[in-house]
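I went through the model piece by piece and jotted down what I looked up.

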Amino acid sequence: MTTSVGYPSGSSHSTGLIDVDSLFCGKLFKDKTEMRSQMRMYAVKHSFEFHTFKSDNKRYVLKCIDEKCSWRLRATKAKASDSFVVRKYISQHSCDSALRNVSHRQASARTLAGLVSNHFAGGKLPLRPKQLMEIFRNDHGVGVSYSKAWRAQEHASELARGIPADSYEVLPSWFHMIEKKNPGTITYIKADSDNKFRYGFLAFGASIRGFKLMRKVISIDGAHLKSKYKGTLLAASAQDGNFQLYPIAFAVVDSENDASWDCFLRCLKTIIPDEENLVFVSDRASSIATALSVNYVHAHHGICTFHLQKNLETRFRASASLLPIVHDASRAYTQYDFDYLFTQISNGDPDLGEYLWQADIRKWSRAYSPSNRYNIMTYNCAESINSRLKET
Ligand SMILES: [Zn+2]
C-alpha cells in the first residue's frame, strides 16, 4: 500500500540465489548483468571475494582474490542470444578461509539486498538496518556499515515490492481486480491531461455495507506519505458499537487542498448519502470546510475538540486555568450544564469566550451539536488509522 494503493505482489526481478550445487559447467544465465549480480551474491554468501579477471560483452572470467588459490570461473556468451554459459569452473578453494576479509568487495548494497529480499516479500514489515547488519554478520560473515545496510534495505524493498513508478502503473488493473473480487467495492482513478496519476479512491464493498450498522459519525483526516512520490493519504473512518475503528474509504492525493478534498467527498457521497443525522469530524482546515459545504449540505460538520484545545493552549496561555472548563463544556451532555460552564469561561476571560463563540458552539460542543456525535468529539480514529497505515 503506498498505501492503500499497494505495490504489486510478484515482480519481474529474479531473486533465486545460486548455491554450490547449482553452479556448474554448462550453467546458463539470462545475460551478463544477471550473471554478475548472481555471482556477487554467491561470493558474499560463501564468504570469499573474487577478482574480475576479464569482463566484456563476450567473456566473463573470475578468479579468487588470493592469487595462489585454485578457484576460478570462465563464462562466455552463447551464440545468437544474450545468455552467458559457464565453460570452465574450479569450485575448490585452496586459499585460507580464515584470512578472508570481513569487509567484502562484492558486498555492495545492491548485492546484499539480493540476499535478504525474501525478508521483504509478501507485505512483511521491512527489516530495519540494524537487523540487516545482524543478518549479514551472522548468516554471511560480512561486516556492513549502518549506511550500507540502510541502502541495502532500500534496494531489498524495491526487489520485493517493485518500484513506486511500476506500482502506480499497475494501479488501474489492481483496482479492477479488487472490484471484481470484492463485490460492491468502489474505486476511482483520476489522471491529468498527460495521463499521469492524480487521485485514487478506494472503498471496500464490505466497509460500505457495514457502515449501515455504525453510528453516523465520520472522522476524516489526511496524512503525508513518505514514498518517492510523496502525496497525501486521505481516510474516512467511523467507530463501531464496541468503540473499535471502522475504516470506510481511502484516497491518495497530491496534498490536502480544495480540489483533493472535493474529489474525496464527491466519491464518498456515492456510498454515503448526505443526510441531516450524519456528522463529520475533522480539523479546522478551510479546504475540508469548503468541500463539505459543497458536497454534504445537510450533514453536520463538527470540529475535533482535541485540536481546538491545542490551539487554545498556545493562543490563551494567560487563561490556562480555564481550559479544563472548556474541555468539560465541550463534553457536557445537556445545554443547561454547558451554559453554566460557558458562563464561567466568559466571565474569566471574555476574549476566550468570544473566540469559542466564533468557533461555533454547534461544532465543538456535544450539547449543542445538531446531530448526535455520541462519544466522538475528536477525529482520533482517522488519525489512528492513518498512522497505522503509514508504515506499510
Ligand atoms: Zn580462494
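I started with contacts in the protein chain, counting pairs of residues at least 6 apart in sequence: 59% of them join residues at least 24 apart. A reminder to myself that this is a predicted model.

**Entry: the overall tally**

I counted secondary structure next and got 14 helices and twelve strands in the protein chain. The chain has 392 residues, and 46% of them are buried.

**Entry: the zinc site**

Which atoms coordinate the zinc ion? I find SG of C64, SG of C69, ND1 of H93 and SG of C95, at 2.2 to 2.3 Å. On spacing, I wrote down C-x4-C-x23-H-x1-C for the donors along the chain. C64 and C95 link distant parts of the chain, being 31 residues apart. C64 sits in strand β3, residues 59-64, while C95 is in the loop between β5 (84-90) and α2 (109-116).

Then I asked myself what arrangement the four donor atoms make around the zinc ion. I call it tetrahedral because the donor atoms subtend angles of 100 to 114°, and the label needs all angles between 85 and 135 degrees.

Are C64 and C95 buried or exposed? C64 has 5% relative accessibility, so I put it down as buried. C95 comes to 15%, so it goes in the buried column too, the cut-off being under 20%.

**Entry: cysteines again**

With cysteines on my mind, I checked for disulfides and the count is zero. The rule I used wants a pair of cysteine sulfur atoms within 2.5 Å. I also looked up C25, which I list as partly exposed because its relative accessible area is 46%, and that falls between the 20% and 50% limits.

**Entry: the five-stranded sheet**

I traced an open sheet of five strands in the order β1-β5-β4-β3-β2, with antiparallel pairing. Its edge strands are β1 (28-29) and β2 (50-55), each pairing on one side only.

- β1 and β5 are antiparallel over two bridges, and L28 stands opposite V85 in β5.
- β4 (residues 72-77) and β5 run antiparallel and are joined by six bridges; K77 has F84 in β5 as its bridge partner.
- β2 and β3 pair in the antiparallel sense over five bridges, and S55 stands opposite Y60 in β3.

I looked up N195 and D360 for their backbone angles. N195 is not a glycine, yet its phi is positive at about 65°. I placed N195 in the loop between β6 (186-191) and β7 (197-203). D360 is not a glycine either, and its positive phi is about 80°. D360 lies in the loop between α12 (350-358) and α13 (361-364).

Which of the two is buried and which is exposed? N195 has a relative accessible area of 65%, so I note it as exposed, the limit being over 50%. D360 has 18% relative accessibility, so I note it as buried.

S157 is in helix α4, which covers residues 146-161. What does S157 contact, leaving aside its neighbours within four places in sequence? I get F120 and G162. I count S157 as buried because its relative accessibility is 17%.

S117 I placed in the loop between α2 and α3 (129-140). Its relative accessible area is 6%, so I have S117 as buried. I also took the C-alpha separation of S117 and Q153, which are 36 residues apart along the chain, and got 8.5 Å.

Terms used. Residues numbered from 1 in each chain as written. Predicted model: local features only at pLDDT ≥ 70, side-chain atom pairs only at ≥ 80, totals over all residues. Heavy atoms only, no water. Buried < 20%, exposed > 50% of the residue type's maximum accessible area, 1.4 Å probe, protein only. Helix = DSSP H or I, 4+ residues; strand = E, 2+ residues; numbered from the N terminus. Contact = heavy atoms within 4.5 Å. Donors = N, O, S within 2.8 Å, 3.2 Å for Na, K, Ca; no water. Tetrahedral: all angles 85-135°; square planar, octahedral: opposite > 155°, others 65-115°. Pairing = 2+ DSSP bridges.
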